[in-house]
Amino acid sequence: MTQTLPLPGTATGRPTRARRILRALAVVACVPYISLKIAWVAGSEIGIPPGSVLLDHRALLIVANSVSVVMDAMVVLLALLLTQPWGLRVRAWLLAFPMWAATGLLSPIMVGFPAQLVLSVFAGPQKHESGGRPFLDEWVFGAVYGGFIGQGLALGALFVLYTRDRWGHVWRGTLDDLPARLSGTAVRVTAVVASLLALAPCAVRLMWALGSAHGLSAGQISQRTEEFHLLEWMRLLFTAVAVVTVLMLVFAGTSGRRTGALPVRTALGLAWVATGGVGCWGAYMTLVAFLPDTDPDKAFTGLARLTYAGEMITGFLLAACVAAFLRRRSTSA
């Protein structure tokens with residue numbers, strides 16, 4: 001008879017009440033986004049005002065929304081994986097990559113959308129438009145982004161509980177407690193190279209944040225608002241946190257460096273979130289930037305494409321350093 005493995009932190013094969021509640025919240029938070037996407041694929045125009053640019057390319061709209069439905073449905077699968085006995089049998093990398101990607105796509109929204117709401121209190125509401133034409137009804141942004149924030153909070157809490165019980169030994173202690181040379185030379189070199197590569201996209205983001213229009217398309221220039229500049233500063237923050245925390249992790253214990261007794265879990269958590277935000281959003285924007293567009297005013301410039309690609313490469317390289325750190329840490333702890 002095959003023995004049923006208990007969930008982490010439990011004595012039976014059933015999840016605790018707290019985990020069941022978090023799982024339900026994660027699933028419910030997916031409903032607004034998935035419902036809208038399915039409706040649009042079916043031909044509905046709910047939430048799309050007349051004349052919206054989204055109606056210009058219906059075939060692309062159907063394909064993109066179909067892919068989006070599948071991606072958001074992955075949140076449901078991850079919520080089940082983190083709360084079911086069979087989730088314990090999943091290989092670490094099979095769980096880590098989709099969770100890292102989900103973290104990377106959701107965390108900038110969880111930071112940026114509330115910051116935009118606060119900004120709107122002082123600067124007033126700002127219209128979401130594209131080249132002077134309507135895009136989506138205002139209520140859509142609140143419903144969708146609110147759902148994303150709910151997904152991120154519920155899924156993040158489940159992931160923390162899961163990893164604490166399954167791999168809690170990996171993040172115990174402080175960086176000063178780590179053994180010397182935990183990260184190999186190749187990992188440290190990769191981290192330094194990625195940090196240097198980050199300077200180029202950061203320089204462009206800083207230029208845009210300070211008000212320069214160089215490298216922006218005519219459509220992007222027409223849409224610049226206080227929210228645009230706020231998000232540019234946020235992306236710079238994500239990159240800075242990713243670089244600093246990864247360097248701290250891979251160089252911990254070398255040459256007598258001291259880090260002020262920073263907990264390993266803090267550095268790992270920040271590196272996990274920040275590298276995901278940089279790499280995954282960089283990948284998403286790179287994909288968007290290379291999609292065909294017949295309107296020259298909306299076509300992305302070469303500089304913008306290079307910036308997004310640079311962020312994608314930087315984020316993935318830094319994430320690879322985190323993965324290497326975790327692999328060595330799991331065997332040495």
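**Helix packing and nonpolar cores in the predicted model**

Outside the four places in sequence on either side, Val 111 makes contact with Met 234 and Phe 238. Val 111 belongs to helix 3, which spans residues 92–123. The structure described here is a predicted model. In this model, the C-alpha atoms of Val 111 and Met 234 lie 8.1 Å apart, although 123 residues separate the pair in sequence. Val 111 is classed as partly exposed because its relative accessibility is 39%, a value in between the cut-offs of 20% for buried and 50% for exposed residues.

When residues up to four places away in sequence are not counted, the contacts of Arg 205 comprise Glu 232, Arg 235, Leu 236, Thr 307, Tyr 308 and Glu 311.

The packing of helix 2 (residues 58–81) against helix 4 (residues 138–167) was examined next. Their axes come within 10 Å of each other and cross at roughly 30 degrees. Helix 2 is therefore roughly parallel to helix 4, as angles under 35 degrees are assigned to that class. The crossing of helix 2 with helix 4 is left-handed. On the side of helix 2, the contact involves Asp 72, Val 75, Leu 78, Ala 79 and Leu 81, whereas helix 4 contributes Phe 148, Gln 151, Leu 155, Leu 158 and Tyr 162. Classified by residue type, this contact consists of eight nonpolar residues, one polar residue and one charged residue.

In soluble globular proteins, nonpolar side chains tend to be buried together. In the present model, the largest nonpolar core contains 28 residues. Leu 175, Leu 178, Val 246, Leu 249 and Leu 268 have the most contacts inside this core. Two or more of its residues are supplied by each of helix 5 (185–197), helix 8 (226–250), helix 9 (264–289) and helix 10 (302–332). Helix 8 provides the largest share, eight residues. Another core, of 25 residues, lies apart from the largest one and has Val 75, Ala 79, Val 90 and Leu 158 among its members. Of these, Val 75, Ala 79 and Leu 158 also take part in the contact of helix 2 with helix 4.

Notes:
Residues are numbered from 1 along each chain as its sequence is written. This is a predicted model: local features need pLDDT of at least 70, side-chain atom pairs count only at pLDDT 80 or more; totals for chains, interfaces and linings use all residues. Side-chain values use heavy atoms; hydrogens and water are left out. Axes are lines fitted to C-alpha atoms, for helices over the stretch in contact, and angles run from 0 to 180 degrees between N-to-C directions. Helices (H or I, at least four residues) and strands (E, at least two) are DSSP runs, numbered from the N terminus. Angles under 35 degrees count as roughly parallel, over 145 as roughly antiparallel, 65 to 115 as roughly perpendicular and the rest as oblique. A crossing is left-handed if the near helix is turned anticlockwise from the far one by less than a right angle, and right-handed if clockwise. Contact means heavy atoms within 4.5 Å. Ala, Val, Leu, Ile, Met, Phe, Trp, Tyr, Cys and Pro count as nonpolar, Asp, Glu, Lys and Arg as charged, and the others, Gly among them, as polar. A nonpolar core is a set of buried Ala, Val, Leu, Ile, Met, Phe, Trp, Tyr and Cys residues joined through side-chain atoms within 4.5 Å. Buried means under 20% relative accessible area, exposed over 50%, partly exposed in between (1.4 Å probe, protein chains only).
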